[in-house]
Amino acid sequence: MYVGPAQVDLTIEVAARDGGRIASVEVVAVPGETLVGVDLEGGAERWRHTLTGLDPDQGIVVRGTMMDGQQFARRIYPPRTGRWEG
């Protein structure tokens with residue numbers, strides 16, 4: 001049993017499109033440090049990782065590079081709803 005500040009587990013899955021391959025993935029806390037950084041030797045069609053015990057207010061960005069050199073980045077948590085939630 002856990003009693004304390006709220007925590008979340010977050011599973012991240014990155015999938016290449018159109019036969020592409022993922023060369024590297026980095027998961028970064030915003031603001032903060034790199035939580036995960038991996039180089040995928042030979043590339044991968046899909047990458048999946050679960051982060052546990054995150055602060056529910058912590059921002060998370062996933063960024064990486066495809067084998068063809070194209071880069072990607074997306075803020076994935078907390079999800080944006082398009083409305084103010086003050």
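**Exercise 1. Is Asp18 buried or exposed?**

Step 1. The model is predicted: local features need pLDDT of at least 70, side-chain atom pairs count only at pLDDT 80 or more, and totals for chains, interfaces and linings use all residues. Residues are numbered from 1 along each chain as its sequence is written, and side-chain values use heavy atoms, with hydrogens and water left out.

Step 2. Asp18 has a relative accessible area of 82%, so Asp18 is exposed.

Step 3. Find the place of Asp18: the loop between S1 and S2.

Step 4. Check the backbone. Asp18 is not a glycine, yet its phi is positive, about 50°. Most residues other than glycine have a negative phi, and most peptide bonds are trans.

**Exercise 2. Find the cis peptide bond and say where its proline lies.**

Step 1. The cis bond joins Val30 and Pro31, with omega about -15°.

Step 2. Pro31 lies in the loop between S2 and S3.

**Exercise 3. Describe the chain as a whole: how many helices and strands are there?**

Step 1. Helices (H or I, at least four residues) and strands (E, at least two) are DSSP runs, numbered from the N terminus.

Step 2. The count is zero helices and six strands. Read from the N terminus, the order is β-β-β-β-β-β.

Step 3. The chain has 86 residues, and 28% of them are buried.

Step 4. The chain exposes about 6300 Å², of which carbon and sulfur atoms supply 46%. Such areas come from the Shrake-Rupley method with a 1.4 Å probe; for residues, only the protein chains shown count as cover.

Step 5. Now take contacts (heavy atoms within 4.5 Å). Among contacts between residues at least 6 apart in sequence, 57% join residues at least 24 apart.

**Exercise 4. Work out which residues of the largest nonpolar core touch the most other members.**

Step 1. A nonpolar core is a set of buried Ala, Val, Leu, Ile, Met, Phe, Trp, Tyr and Cys residues joined through side-chain atoms within 4.5 Å. In soluble globular proteins, nonpolar side chains tend to be buried together.

Step 2. The largest core has 16 residues, and Ile12, Val25, Val27, Trp47 and Ile60 touch the most other members. At least two residues of this core come from each of S1, strand S2 (22–30), strand S3 (34–44), strand S4 (46–54) and S5.

Step 3. Take Ile60, which sits in strand S5. Its relative accessibility is 0%, so Ile60 counts as buried.

Step 4. List some partners. Beyond four places in sequence, Ile60 touches residues including Leu10, Ile12, Val27, Leu35 and Tyr77. Ile60 and Tyr77 are 17 residues apart along the chain, with 5.0 Å between their C-alpha atoms.

Step 5. Turn to Val25. Outside four places in sequence, the residues touched by Val25 include Val36, Val38, Trp47 and Val62.

**Exercise 5. Describe the largest pocket: how many residues line it?**

Step 1. On a 1 Å grid over the protein atoms alone, a pocket is an open set of points where a 1.4 Å probe fits, with protein on both sides within 12 Å along at least five of seven lines; lining residues have an atom within 4 Å of a point.

Step 2. The largest pocket holds about 550 Å³ of space. This volume is the space filled by probe spheres set on the points, with grid points joined across faces, edges and corners.

Step 3. The lining has 19 residues, and Val14, Ala15, Arg17, Met66 and Phe72 lie nearest the centre. Strand S1 (8–15), strand S5 (59–66) and strand S6 (71–77) each give two or more residues to the lining.

Step 4. Sort the lining by class: eleven nonpolar, two polar and six charged residues. Here Ala, Val, Leu, Ile, Met, Phe, Trp, Tyr, Cys and Pro count as nonpolar, Asp, Glu, Lys and Arg as charged, and the others, Gly among them, as polar.

Step 5. Look at Ala15, in strand S1. Its relative accessible area is 43%, so Ala15 is partly exposed. Beyond four places in sequence, Ala15 touches Ile22, Glu45 and Arg46.

Methods: Buried < 20%, exposed > 50% of the residue type's maximum accessible area, 1.4 Å probe, protein only.
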